[in-house]
Amino acid sequence: MEYTKYLAGRANWIKGSALAEVMKKAAELQKKGTKLISLAAGDPDPDLIPRKVLGEIAKEILEKEAKSVMYTPANGIPELREEIASFLKKHDQLEVSPENIVITIGGTGALDLLGRILIDPGDVILTENPSYINTLLAFEQLGAKIEGVSVDNDGMRVDLLEEKIKELKTKGQKIKFIYTIPTGQNPMGITMSMERRKALLEIASEYDLLIIEDTAYNFMRYEGENILPLKALDKDGRVIVAGTLSKVLGTGFRIGWVIAEGEILKKVLMQKQPIDFCAPAISQYIALEYLRRGYFEKYHLKGALLGYKEKRDIMLTALEEHLPNAEFTRPIAGMFVMLFLPEEANGIAFASELMGKEGVVVVPGEPFYTDDTGKNAIRLNFSRPSKEDISIGIERIAKLYREKF
Ligand SMILES: *Cc1c(COP(=O)(O)O)cnc(C)c1O
């Protein structure tokens with residue numbers, strides 16, 4: 001069958017992810033028996049997640065709570081929305097009513113729903129350059145044009161953002177919103193400073209733009225306790241939050257949320273119902289009990305987070321020792337370090353050679369960039385690999401780096 005002729009016109013906007021390509025190649029090598037060290041993941045560490053405790057909760061819930069195997073209300077079970085509201089107040093300094101929270105299928109579900117109700121084909125979306133590839137793909141699938149704004153150690157360059165907005169307006173382009181990951185950004189690992197956060201809100205206000213704040217890494221912060229989410233600084237109600245428990249509970253539970261008001265909240269909910277009915281009930285109940293019983297404090301803040309911090313330090317120390325002249329980011333939050341090869345280097349070719357010769361898997365930075373400035377970047381994950389693999393991985397990267405440059 002020749003299926004192409006059946007596809008919708010908008011299917012032309014659907015593109016594959018370069019991440020999937022890397023993972024596929026790695027899986028093929030592993031199948032052949034090659035032992036690989038992966039610094040490619042975007043996951044937390046399953047051994048730092050209290051799986052036994054979660055298992056006990058799951059058993060208890062399935063036996064006791066008939067509703068845990070049924071549909072929940074489309075916006076999520078009320079007790080979980082209340083629990084998330086108090087969780088956000090306590091740990092993200094954010095005052096939000098449970099009525100303004102919609103539980104979604106992960107942060108991905110939240111971003112997809114927001115894209116669907118906000119984006120018309122041709123709309124321009126401003127993001128950090130580079131930004132999280134999955135969101136860029138989701139928005140592009142809806143016909144959005146992505147315009148990136150360069151970043152430095154303090155996050156998005158708001159001066160360049162304003163220039164970009166002016167330039168696009170002159171060209172008659174319609175800017176819909178700014179998509180940002182202010183804390184522990186993926187892929188750069190940088191965190192936007194408070195000053196920049198305030199300036200970003202001012203610009204959004206001046207040009208009447210919405211902001212979608214992706215808070216995926218707000219609970220993976222190792223330093224900088226006083227950094228407030230954009231939403232907590234938002235006086236006009238122009239910040240919409242896409243949140244998730246994925247990096248805390250594990251990416252398999254699929255519990256995320258939208259925080260929104262008014263017509264946006266209403267449309268998100270109406271849009272959600274026919275797409276997925278609700279986030280998985282069992283995951284919602286597990287998340288509820290996890291938060292309610294204080295396990296976030298006990299197992300994440302006082303446990304897993306310290307483990308991630310240690311792994312981050314091991315990675316940074318190894319980079320400093322083995323690649324003293326290379327440029328790389330030093331994250332205070334999140335799970336990634338971006339390493340820059342020499343200017344003329346090609347990250348995709350390097351990653352491919354690294355996998356073949358040294359058995360180390362990394363993700364090239366290029367697909368995350370909205371222009372061609374990131375050809376020499378590679379993204380390194382420190383949350384998922386073991387401490388030992390981080391050290392070996394960096395040593396092998398450094399070996400190939402020295403051979404080539
Ligand atoms: C992991 C991640 C998400 C959300 O992932 P889900 O598993 O769908 O909750 C969203 N944004 C960024 C930047 C991420 O890294």
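Student: Which residues do ring pairs link into a cluster?

Tutor: This is a predicted model, in which local features need pLDDT of at least 70 and side-chain atom pairs count only at pLDDT 80 or more, while totals for chains, interfaces and linings use all residues. Residues are numbered from 1 along each chain as its sequence is written, and side-chain values use heavy atoms, with hydrogens and water left out. Rings of Phe, Tyr and Trp (its six-membered ring) pair if their centres lie within 6.5 Å; planes under 30 degrees apart are stacked, over 60 edge-to-face, and the rest tilted. The cluster linked by such pairs consists of Phe87, Phe219 and Phe296.

Student: How are the rings of phenylalanine 139 and phenylalanine 177 arranged?

Tutor: The structure holds twelve aromatic pairs. In the pair of phenylalanine 139 and phenylalanine 177, the ring centres are 5.3 Å apart and the planes stand at 80°, so the arrangement is edge-to-face.

Student: How many residues apart in sequence are the parts that this pair ties together?

Tutor: Helices (H or I, at least four residues) and strands (E, at least two) are DSSP runs, numbered from the N terminus. Phenylalanine 139 belongs to helix 5 (residues 133–141) and phenylalanine 177 to strand 6 (residues 175–180), so the parts tied together are apart in sequence by 38 residues.

Student: Is phenylalanine 139 buried or exposed?

Tutor: Buried means under 20% relative accessible area, exposed over 50%, and partly exposed in between (1.4 Å probe, protein chains only). Phenylalanine 177 has a relative accessible area of 0% and is therefore buried. Phenylalanine 139 has a relative accessible area of 0%, so phenylalanine 139 is buried.

Student: How far apart are the C-alpha atoms of arginine 157 and asparagine 129?

Tutor: Arginine 157 lies in the loop between strand 5 (155–156) and helix 6 (158–170). With a relative accessible area of 27%, arginine 157 is partly exposed. Arginine 157 and asparagine 129 are 28 residues apart along the chain, and their C-alpha atoms are separated by 9.7 Å.
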